[in-house]
Amino acid sequence: MAELLDNAMDPDVKAQQFCIDMQNFDGIDCLVFMDNGGGMTPDTLHKMLGFGHSDKKEIDGHRPIGKYGSGFKSGSMRLGQDALVLTKHTTSQSVGFLSQTFLKAAHAEEILVPMITWSLDGQRLNADAGDVQQSLNAIRDYSVFQDEAGLLMQLNAIQGTGTIIIISNLRRNSADQLELDFDADASDIRIAADPPEEGSAGPAPNYQQSRATQPKEVDVPLDYSLRQYVSVLYKVPRMQVFIREKKVKVKRMTSLLRDKLQETYRPQSNPDFRCDIEMGFNTENENLYGMMLYHRNRLIRPYHRVGLQLEPNDRGLGVLGVVEADFLQPTHNKQDFDDTPAYRNMVNKLGQVLKLYWWEKMDRLGKTPRPLSPNPARGGRTRITQAQAQSEDEKIPDDLWVQCDFPQCLKWRKMPHGTHPDTLPDNWFCYNHPDPAKAALSHTAPEEAYKVPAEAEAAKHERRRQFQAAERERKSKNKTAAELAQEQRELQVKQQQEEQQTEAMRIAAERRRLQQEQAAATACLQAEQKKQVKEEQLRMKRVQQEQEQAFKRQQEVLLRAQKAEEERARSEAALHALQQHNLHLQQQQEAQRLTWLERERQQRLQKEQEQQDAQARMMAQEAQQSSAPQHSAATAHQSRGPEAPHTQQQHMQPQLQGSGSLHSHEGTFRVGPSKHGTGKRDSSSQDSADRTESRKRQVVNGGNPGVETGSQARQAKSSARLEAGLPVHKHANGNWADAHMDSSHVGSEDTRSNDRAAHAGSPRHRQAAEVQDEDRDGTAMPEQDLVAKLAANLQMALKTVSVLKGADPTVFESLQPADLANLDLRALCETPGSTPK
């Protein structure tokens, strides 16, 4: 059973509670073991049920007890023939069946272990449905469960995670009785007593392990009682154990000692290992004495007699020793140690320490052990009862430790000196601590570390010297001179050996000290080297990071330069495209203008032809009308005398105006054809066009054909300049003027001529010059075409500004002439904080 407890105590399980009970399933007595640990995965369960698997490791200073991986198999098969394991993990739940009955019935030549795994919601996880069915059949035929539903119901009874082990077909003795006794104590499980001897009148004695010099009359409860055995099974218990629904009151054996003595043993096979030995009188029961030998916190040999306790006298009685011999190797069943030189040397050392302790506590003080009294019921002698033998002061240990019963705490607390164990309640919690400060902290207070009482080496050496002197004095009595001389020689040799041993120990200690100092210096040097290496690595890392950052910055600069170059290229391309677009628009506008001019020229030619035809008809009619009275007119002229020439001049004036090659333009008269003509028209066509334009001006100017109003001339001129893309501005009186002139029109004709000549090289100013020439020739573009051309030129200008400012130039393509009046041209052409472009 201890093997199953060990598995629950291991660091990979760390169960807080473990329950042991006897249950009857359909008339079958079974042992049930249950813990609330972490459970097992299918792979872990397979290894536990198999043989030769052990991958236990130390976790957070908690060392596993088992080593070979055979504890569960040997422990469970010793109790019964069939063991069913049900375990629930955080991700799965499994069942495994280790059965001798099944293997014998199947005549199996190798060990077969039926296993089934489900998810937490009851879905099978085994890949082979045939293996699952065979496993269910084996479990149904040879265990206490008959179907899969019963297994899942039992698994659902596990709260959270944990494991249940059900052992059936329990072992029986030769009398076909169970080896375990469940009836003697309803809260305990005991080993059944041996049958009474023939002729014995008394009851059968309890089961007792064989120990040297231990009388049969001595009652050792842990030999037959599971409750008593579990109470001292661990040197420092870390788990609550319930046996048949009643909690076990665990003990720390060092808390039962009075008048303690502490010694340190370093085995010769491993001088670096330290083994602490604590000895004292047993305050609980003086009849139970010997050495309690532990290995990795687990009890291996209880009440092992050594030294004086093996002599046929009362010396060494009542002395209990607690030793944790981790350097020794226990047997596979953990009931004894391998008989090795290291084990024998340790036993000898324990005998020497016991002899020294008995001299110091008893012989030196002149005390004698209490006399044995006869026990008629047992047919022999035993010690006096505890009530008679020990006073109340002798029942108080040197230091008392008690464990908190809260499952999530289970910490050990040290009681104040002088606390009597009987004053503590059966269920003790941290808030029951006698110290109010520690009681206020309750479960949150950390566990106090257990410290073995230390004694100065000088005091130990002096005690050993006095003990050796007392031994020599005792042995010198009743001896002859030769014996005394021989003993003296032996004593001297022994002293020399002891001195040599002491010197060797001193040298060894000095060597250890030097080794420790060397190791410390080496560790310090290694730490310094590691520190230097780490600093160098950090420096190199910083340098590398700086280089990477510099490289990244260089890459960023190159990338920004590349982006700037690409942006400049895109801007140049866009500007070039815009210039090409503007040139195309200019070409289109020029073509439209030429087309319009050609259309106007054709219209003028047509009108001139019509006017010529009309004039020819009129002249023909006039010639016909004037042929008859011509003679009479001439006669009259001769009779009138000097008035005839004046009348003829008056008669010819309209004819000159109608045909006239002479026309007026702002008060200046010119002779010759229009610039917009072909240059090959005859004088009659040109005169006709001049007369037509003169009549138009006469109508506009109130009948004066030779003078245009100033506002009309300025508006026509400003419109022509806007059409050509030249800047203009408006005076305060509302009139428009050239942008290079001030509001008072200061400047001569020569200055304006020089300005126009300076800008005559660009196409835009050539176009403006042509428009001005048209204005001088009296030919003006219609208002609708002029506005459209002005809008096109303004859109080209806005697109140019957009490209320079990095905006999208296509947003101005959809503007209509009517929308341009609402635009703030200065805001569009300016950038905040800069001068107008």
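This report describes the sheets, helices, selected residues, cysteines and cavities of a predicted model.

## The eight-stranded sheet

An open sheet is built from eight strands, which follow one another in the order β5-β4-β3-β6-β2-β1-β9-β10, and the pairing within it is mixed. The edge positions are taken by β5 (115-118) and β10 (246-247), and because each of these has a single partner strand, one side of each is left without a neighbour in the sheet.

Within this sheet, strand β1, which spans residues 17-25, pairs with β9 in the parallel sense over four bridges. In that pairing Ile-20 of the chain stands opposite Ile-243 in β9. In a regular strand the side chains alternate between the two faces of the sheet.

## Helices lying across the sheet

Helix α2, made up of residues 42-49, lies across β3 (80-88), β4 (93-99) and β5, and runs at about 10° to β4. Helix α3, made up of residues 71-79, lies across β2 (28-35), β3, β4 and β6 (162-170), and its direction makes an angle of about 125° with β3. Seven of the nine residues of α3 are buried, so the helix is largely enclosed by the rest of the structure. The buried residues of α3 are Gly-71, Phe-72, Lys-73, Gly-75, Ser-76, Met-77 and Leu-79.

Pro-42 belongs to helix α2, and with a relative accessible area of 28% this proline is partly exposed. Once neighbours within four places in sequence are left aside, Pro-42 is in contact with Ser-92, Ser-94, Met-115 and Thr-117. Pro-42 and Trp-118 lie 76 residues apart in sequence, while their C-alpha atoms are 9.7 Å apart in space.

Helix α1, which covers residues 2-9, is mostly covered, since seven of its eight residues are buried. Those buried residues are Ala-2, Glu-3, Leu-4, Leu-5, Asp-6, Ala-8 and Met-9, and Met-9 is also among the residues that line the largest cavity.

## Strands β11, β12 and β15

Strand β11 (residues 257-265) is joined by seven bridges to strand β12 (residues 275-282), and the two run antiparallel. In this pairing Thr-264 stands opposite Asp-276 in β12. Strand β12 is in turn joined to strand β15 (residues 319-324) by five bridges, again in the antiparallel sense, with Met-279 standing opposite Gly-321 in β15.

Seven of the nine residues of β11 are buried, so this strand is largely enclosed by the rest of the structure. Strand β12 is mostly covered as well, with seven of its eight residues buried. Glu-263, which is found in strand β11, counts as buried because its relative accessibility is 5%. Leaving aside neighbours within four places in sequence, the contacts of Glu-263 are Cys-275, Asp-276, Ile-277, Val-353, Leu-356, Lys-460, Arg-463 and Arg-464.

## Lys-235 in its loop

Lys-235 is placed in the loop between α7 (226-231) and β9 (240-243). With a relative accessibility of 16%, this lysine counts as buried, because the cut-off for a buried residue is a relative accessible area under 20%. Not counting residues up to four places away in sequence, Lys-235 touches Arg-252, Tyr-294, Asn-297, Val-322 and Glu-324.

## Cysteines

The count of disulfides in the model comes to zero. The sulfur of Cys-404 has its closest cysteine sulfur in Cys-430, at 3.6 Å, which is too far for a bond, because a disulfide is taken as a pair of cysteine sulfur atoms within 2.5 Å. Cys-404 counts as buried, at 0% relative accessibility, whereas Cys-19 counts as partly exposed, at 28% relative accessibility.

## Cavities

Three cavities of 30 Å³ or more are held within the structure, and the largest cavity has a volume of about 50 Å³. The lining of the largest cavity consists of Met-9, Val-230, Tyr-234, Pro-237, Arg-238, Met-239, Val-241 and Val-250.

Key. Residues are numbered from 1 along each chain as its sequence is written. This is a predicted model: local features need pLDDT of at least 70, side-chain atom pairs count only at pLDDT 80 or more; totals for chains, interfaces and linings use all residues. Side-chain values use heavy atoms; hydrogens and water are left out. Buried means under 20% relative accessible area, exposed over 50%, partly exposed in between (1.4 Å probe, protein chains only). Contact means heavy atoms within 4.5 Å. Two strands pair if DSSP finds at least two bridges between them. Axes are lines fitted to C-alpha atoms, for helices over the stretch in contact, and angles run from 0 to 180 degrees between N-to-C directions. On a 1 Å grid over the protein atoms alone, a cavity is a set of points where a 1.4 Å probe fits but cannot get out, and a pocket is an open set with protein on both sides within 12 Å along at least five of seven lines; lining residues have an atom within 4 Å of a point. Grid points are joined across faces, edges and corners, and a volume is the space filled by probe spheres set on the points.
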